[in-house]
Amino acid sequence: MTAGREKKKARTSEVADNSEPGPSFSAAGSVVAATSTGQENAKYSTRPPTRRAIRGRRGALKAMLDMPLDVLFEIFSRMHPRDLLNLARTSKDFRSLLMSRNSAIFWRAARQQVQGLPECPPFLSEPQYANLLFFSHCHSCLKANVKSVLWAFYVRYCPRCKDTMLVPEDDPRVESLIGDILELTDVVDPPFATTTLPRRGGRLFAHLPEVDRFERTWDTLATDADRARFALEQIDIVKRRMAFAAELASWKAQEAEARSSELDNLRQERIDEVLKRLREEGFGNEIDDLDPVEYDQLVYHNAVCKAQKLTESAWQSLRPRLVSFLEELKQERLQRERIELVCNRLRMMQAFITEYERAEGRRTAASELRADFSDVALMPAFRELMEASSTTEVTTRDLEALSGMIPTLRAEWLEARRSELLALIPPEAINPRDGVDPLSLAISTFYCAECLRDNLRWPNILAHPCARQEPPDYDLYQAMVPDICDDGNMPYFWNSTALFEFNRRWDVERRAIVECGKDPDTATFEEMAQCRARLVCLACTSPKDRYREAFNWKSAAEHKRPSWGLLTQCLPTKHKWRLLNPEESEKVIALELASDTNSWVPTPDVHCCAYCRYQSVITHPISHCMYIHKIEHPKLGEDYYLLPDSPGKSLPLKPVRVYPTHTSGGRPIVIPRGERAIISSSFTYSDIEA
């Protein structure tokens, strides 16, 4: 039991190194220079102290004690206080030597090794001072790595020990002492040090051992005069201790700042050395081209941003990772440079094509139906020139050498588009005839899945804007071409993949053409546009004394519901057509031509400028030509033209009504005023009822 108590005493005494006593109060109330002792703090600890592991060979410094005193002084005076205290803890002999009051000269000399360190406070011994400043263990439980110092109390406590070793100022016991002192002295300052703690809401805390010592002495004093004198003396000591504490805190902050600056310098030196070596290996351009984020990723890499000098072995370990990182950046840089080079070539080609087209004269509707700059740029001859190696110089002369191929390339492009559309025609839709172009037939229209238009025809479909939208899948070169098109307000290259579909009503249109007396395998769109035959559907159910409707071939194919809006529909499979006689057909045509609104949906036409690539609805191109090109009276077909794909050109006609001569009651039919209708002697009321 005796040996165990001695070992425990030795461990706790290492914390305070208290050959000089801590603050204590005499029975008479006098104050002697002191601070908390390890033994006194130990009784407040909730955790048993732990013995530090001793490394190295024991007894190696024993012969040092046999050296002359002046030699020891030279050795000790050149040691850091941290090293001197560690030496004192190696053996009892060194402890006896260095903890003696006579050894204070060694400690004072050692303190000179620390720049700017304040003098040791009078209430701390030299070992206590060194232990407080240079050892980061808890002064209660000996837990390691306690960085923060409670300067007001001259101790370090771990978070757990703070809960047991500190007491809040609003504690009833503390408030009672302060209240008693205030009654005797009229002084509001506490007789013991207080401090605030981070993340504790700004509350003041006192040191529990100090409060206990003060309270024990306070209780031993018999008179109010002794208590008042004792309180004032203690308040004065607390003020002096707090002044020392402020000085030490300031020094510690400066030391931390200096240390931080020193570490920053070491890190910067290592970063500079790493960058220097990388530049020597040919990565200078990559380093110079790094954006802020990439640069931070490089220099703040865990292995780069260290406060250590870069050794050769460390460099060899670090090099592969950095080289791999920069190799990726190098490839990205080379790709950016390549893209910029090709884009510059494409801009040169765009300007060349613009001049080439300008030399051909003013733009016309036919200009919208040919291969544009973007299409030419994708043609093998021009693409090969644009994608020539980075070391090859591409000039306007190279483009001029290829300019003679442009008419041929345009013709090949036109034929390729024609083949695309022919491949969409179902074999059963058309019976090919010699000398007849399948795309010229009246039934050869196409449906656009993007804008849902279903009256697109060859060759006007080549001007359809949906086929020149940016494709979802493309290679790098194809991705560059649209960017150049955007800069020059030019359309994208043709891309009709999964966009067009052949006429969905081709079978219905074939029947309508047959009813008009024409052959759907030879009847062209122009021929059917001139066809003067008009049809009446006998399958529609009409109200009493009402009418039938007359259709041209196109309207007949789209006929589904009577215009009077009944819920019943006349499905294409139920059509029952009757051909009007020529005289009645001419009357219907006359009413169709006389009407200002003869289409189902009035869609504005799109017009194009003949001098640039401006497109807009009617009236806008006129203003454009006047204000941009300074043309006083712009003319259609000369200064601007109708876009070939303009949606209003192929819309079906609105049907004309056909009445019988008499009602069911035998009364003559009278056509309401303003109504587009004729009276047909070919129809009777029974026909209407059929």
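Where is the place of Ile 75? Ile 75 sits in helix 3 (residues 69-77); helices (H or I, at least four residues) and strands (E, at least two) are DSSP runs numbered from the N terminus. You are looking at a predicted model, where local features need pLDDT of at least 70, side-chain atom pairs count only at pLDDT 80 or more, and totals for chains, interfaces and linings use all residues. Residues are numbered from 1 along each chain as its sequence is written, and side-chain values use heavy atoms, with hydrogens and water left out.

**Confidence**

- The predictor's confidence in each residue is called pLDDT and runs from 0 to 100.
- The protein chain has a mean pLDDT of 81, and 83% of its residues reach 70 or more.
- Among the chain's elements, helix 16 (residues 380-386) has the highest mean pLDDT, 95, while strand 2 (residues 31-32) has the lowest, 30.
- Over residues 1-40 the pLDDT is below 50, and this stretch has 89 contacts in the model beyond near neighbours in sequence; a contact means heavy atoms within 4.5 Å.
- Residues 561-569 also stay under 50 in pLDDT, with 19 contacts beyond four places in sequence.
- Where pLDDT is low, the predicted coordinates should not be read in detail.

**Inside the protein**

- A nonpolar core is a set of buried Ala, Val, Leu, Ile, Met, Phe, Trp, Tyr and Cys residues joined through side-chain atoms within 4.5 Å.
- Buried means under 20% relative accessible area, exposed means over 50%, and partly exposed lies in between (1.4 Å probe, protein chains only).
- The largest nonpolar core has 70 residues, and Leu 346, Met 349 and Phe 500 touch the most other members.
- Helix 14 (residues 312-359) gives the most to this core, with six residues.
- Leaving aside residues up to four places away in sequence, Met 349 touches Phe 373, Val 376, Ala 377, Phe 382, Met 386 and Leu 399.
- A second, separate core holds 31 residues, including Leu 98, Leu 133, Trp 151 and Ala 245.
- Thr 354 is also found in helix 14, and it counts as partly exposed because its relative accessibility is 25%.

- Met 67, Val 71 and Ile 75 make a nonpolar surface patch of about 200 Å².
- Patches are made of residues with over 30% relative accessible area and no salt bridge, with like charges joined within 9 Å and nonpolar side chains (Val, Leu, Ile, Met, Phe, Trp, Tyr) within 5 Å.
- Accessible areas come from the Shrake-Rupley method with a 1.4 Å probe, and for residues only the protein chains shown count as cover.
- Ile 75 counts as partly exposed because its relative accessibility is 30%.

**Salt bridges**

- The structure holds 47 salt bridges, each a side-chain nitrogen of Lys or Arg within 4 Å of a carboxyl oxygen of Asp or Glu.
- One of them joins the side chains of Asp 170 and Arg 203 (3.1 Å, N to O).
- Asp 170 is in the loop between strand 3 (166-168) and helix 9 (172-185), and Arg 203 is in the loop between strand 4 (194-196) and strand 5 (204-207), so the pair links distant parts of the chain, 33 residues apart.
- Asp 170 is partly exposed, at 42% relative accessible area, and Arg 203 is partly exposed, at 39%.
- Arg 363 and Glu 368 meet through their side chains at 3.2 Å, N to O; Arg 363 is buried at 11% relative accessible area, and Glu 368 is buried at 15%.
- Glu 357, Arg 363, Glu 368, Asp 372 and Arg 613 are linked in a network of salt bridges.
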